[in-house]
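Reader: I am new to this structure. Please walk me through a strand and some ring pairs.

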Amino acid sequence: MLHPDSAPVTAPAYSDRIGFAQLTRHAFEGGDLHPLRERLLARIEQGTAEAGEGLDLSLIAQLLGEKEAGLVIQTEVLAFHQLFRTPCGLPKPRLRVLALAADIDMGGNTPIEFLLEGSDIELLTLYVIKGVGLPETLPDHDVAIVVASDSEECREALAVIAQAAPRWPRPLLNRPELIGNLDRDKLYRLLADIPGLDIPVTANATRAQLMALSEGQIACAEITGELHFPMIVRPRGTHAGVGLAKIDDAAALKAYLAERQEQDFFVARFVNYASPDGLFRKIRLTMVDGKPYACHMAIADRWDIWYLNAYMAFSEEKRAEEAIFMQDFDHDFAARHKDALDEMSRRVGLDYFIVDCAENQDGELLVFEADNTAVVHNMDPPAVFPYKPPQMRKIFAAFTAMLSRHATAGAGSAA
């Protein structure tokens, strides 16, 4: 474990890896990852592979849809090596960032590599592993950031980091004790009474409770006061819309449960946030150092929108609206919701996080969820989305400026 008097002395050697951003970009652009996988497998069979190559192989397997196999490889690699480097483009980096990660699938840690692409910042990632904890001495770094999520699988890693946090030798961003506030059933309590902000109560419901509700044995209000049909139901612990459904009545709930095996669910009231034209507009914001930045606006005729199922690439009209949204964001959306966004940022307390939101039919900021691990990237083809690269570069510049500011402040206080 980290000692109170630990100096920032270089500790275990790092292993280089290609990393998340490059491999994901290659897959996103339609590249074939199979030849690289075969080369890495051959090196492992020959006993010549480095730990970083093993971690790259794990990610390739996940990107190819072989999640379980990828996680097995990752856990095997992390059992003997925890520190990895994603080199920057310059021979001498201006800054070294230490990211504190957990052994979880590729969506469970902040994809920080995208935020640092093309910068003069070197990234070291230290995986905090069950039963291993932190090294006796930390690798040398200018600023650290916790990238593990609020998932159940990350709880132990966050607890280990939280225990060491008061004695951390450098500035530590996204403090571990604050990340748990992003849980779906905790966030609404944190934000509930902010003027101009609407966040539905998200309550845990057992399968037995929902069965009783579907059979008329209990009322919605017995699960949580504001719950009523129609409602939103999702299995606890799922992401990316797995198992998410709008349930209109008791009969629909019974049919839903017949198709699901899970024992625990989240429930919330359904909010019809359709605009006057009948379309739904779902917005992703990136909060950096307390300031909101537009990440995307998905427009669709369905309430359960993700950027991919909004088919933005196929609609010039939708893209034109998203471009204007980004262009006018600071003096339009951000200005309109400034007080609510400022207070939300203050209460969440994280240096960097992402918010999925919309505007309800009363013009309030409707918050769906917040997390620290959603992918913020610059992979969309500029020929189709010419307005996106400048916006993404703005976010990346804000993120690197935040790291620099904290690193400088930390160096000043240490001096």
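Author: Two bridges join strand S5 to strand S6 (residues 172-173), and the two run parallel. Strands pair if DSSP finds at least two bridges between them. Helices (H or I, at least four residues) and strands (E, at least two) are DSSP runs, numbered from the N terminus. This is a predicted model: local features need pLDDT of at least 70, side-chain atom pairs count only at pLDDT 80 or more, and totals for chains, interfaces and linings use all residues. Residues are numbered from 1 along each chain as its sequence is written, and side-chain values use heavy atoms, with hydrogens and water left out.

Reader: Through which helix does the chain cross from S5 to S6?

Author: The β-α-β crossover is right-handed. That term applies if, with the strands pointing away from the viewer, the path from the first strand over the helix to the second runs clockwise. The helix crossed is H6 (residues 155-164).

Reader: Which residue in S5 is the bridge partner of Val 97?

Author: Strand S3 (residues 95-101) pairs with S5 in the parallel sense, over four bridges. The partner of Val 97 in S5 is Val 143.

Reader: Why does Ala 159 count as partly exposed?

Author: Ala 159 lies in helix H6. Ala 159 counts as partly exposed because its relative accessibility is 45%.

Reader: How many aromatic pairs does a search of the whole structure find?

Author: Rings of Phe, Tyr and Trp (its six-membered ring) pair if their centres lie within 6.5 Å. Planes under 30 degrees apart count as stacked, over 60 as edge-to-face and the rest as tilted. The search finds 13 aromatic pairs.

Reader: What is the angle between the planes of Tyr 311 and Phe 314?

Author: This pair is tilted, at 6.2 Å centre to centre. Tyr 311 is exposed at 52%, and Phe 314 is exposed at 71%. The angle between their planes is 50°.

Reader: Why is the pair of Phe 325 and Phe 329 edge-to-face?

Author: Phe 325 is buried at 10%, and Phe 329 is buried at 2%. Their ring centres are 5.6 Å apart. The pair is edge-to-face because the planes stand at 75°.

Terms used:
Buried means under 20% relative accessible area, exposed over 50%, partly exposed in between (1.4 Å probe, protein chains only).
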